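Please look at the sequence and the structure below. The report that follows goes through selected places in the chain and then turns to the whole.

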Amino acid sequence: SEMIQECTVAEIKSKLTYTNLSIKEIAAHLNFSEPQHLTRFFKNATGQSPNEFRNIYQNGRSVS
């Protein structure tokens with residue numbers, strides 16, 4: 001169960017980092033029934049919302 005959660009978080013991070021997919025599209029790709037479920041799952045696992053993660057990554061990448 002913990003390993004599945006880690007893999008799912010890694011997949012969400014990858015899609016947030018390397019695609020322009022919306023949270024709704026990512027949720028659909030990963031079989032979450034609602035985008036809010038993905039957001040809650042991700043925030044519980046990482047302490048940040050998917051949008052916060054994406055914004056931090058994009059801001060950090062543009063500075064480099």
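Thr19 sits in the loop that joins α1 (2–18) to α2. The model is a predicted one. Thr19 has a relative accessible area of 27% and is therefore partly exposed, since the partly exposed class lies between the buried limit of under 20% and the exposed limit of over 50%. Leaving aside residues up to four places away in sequence, Thr19 touches Ser14 and Arg54.

Asn31 is found in the loop between α2 (23–29) and α3. Its phi angle is positive, at about 65°, although Asn31 is not a glycine. With a relative accessible area of 69%, Asn31 is exposed, because a value over 50% puts a residue in that class.

The loop between α3 and α4 contains Gly47. Is Gly47 buried or exposed? Its relative accessibility is 55%, so Gly47 counts as exposed.

Which residues does Gly47 touch, not counting those up to four places away in sequence? They are Phe42 and Glu52. Ser1 is 46 residues from Gly47 in sequence, and the C-alpha atoms of the two are 19 Å apart in space.

## Gln58 in the α4 helix

Gln58 belongs to helix α4. It is partly exposed, with a relative accessible area of 31%. Between Gln58 and Thr46 there are twelve residues of separation in sequence and 17 Å in space, taken from C-alpha to C-alpha.

## Aromatic pairs

A pair of aromatic rings is described by two values, the distance between the centres and the angle between the planes. How many aromatic pairs does the structure hold? There are three aromatic pairs. One of them is formed by Phe32 and Phe41, with 5.6 Å from centre to centre and 50° between the planes, and this pair is tilted. Phe32 is buried at a relative accessible area of 19%, whereas Phe41, at 22% relative accessibility, counts as partly exposed. The two residues fall into separate classes because the limit for buried is under 20%.

Phe42 and Phe53 have ring centres 5.7 Å apart and planes at 75°, so their pair is edge-to-face. Why does this pair tie together parts that are eleven residues apart in sequence? Phe42 lies in helix α3 (residues 35–46) and Phe53 lies in helix α4 (residues 50–63), so the pair links those two parts. Phe42 is buried, with a relative accessible area of 0%. Phe53 is also buried, with a relative accessible area of 15%.

## The chain as a whole

The protein chain has four helices and zero strands. Along the sequence, the pattern is α-α-α-α. The radius of gyration is 11 Å, close to the 11 Å that the globule rule gives for 64 residues, so the chain is as compact as a globular protein of that length. Taken along the principal axes, the C-alpha atoms fill a box of roughly 35 × 20 × 15 Å.

Among contacts with a separation of 6 or more, 51% are between residues 24 or more positions apart. What share of the 64 residues counts as buried? The share is 25%.

## Surface and charge

The accessible surface of the protein chain is about 4,500 Å², and carbon and sulfur atoms account for 50% of this area. The chain carries 7 positive and 6 negative side chains. The centres of these two sets of charges lie 6 Å apart.

Conventions
Residues are numbered from 1 along each chain as its sequence is written. This is a predicted model: local features need pLDDT of at least 70, side-chain atom pairs count only at pLDDT 80 or more; totals for chains, interfaces and linings use all residues. Side-chain values use heavy atoms; hydrogens and water are left out. The radius of gyration is taken over C-alpha atoms; the globule rule is 2.2 Å times the number of residues to the power 0.38. Buried means under 20% relative accessible area, exposed over 50%, partly exposed in between (1.4 Å probe, protein chains only). Contact means heavy atoms within 4.5 Å. Accessible areas come from the Shrake-Rupley method with a 1.4 Å probe; for residues, only the protein chains shown count as cover. Lys and Arg count as positive and Asp and Glu as negative; His and the chain ends are not counted. The place of a charge is taken as NZ of Lys, CZ of Arg, CG of Asp or CD of Glu. Rings of Phe, Tyr and Trp (its six-membered ring) pair if their centres lie within 6.5 Å; planes under 30 degrees apart count as stacked, over 60 as edge-to-face and the rest as tilted.
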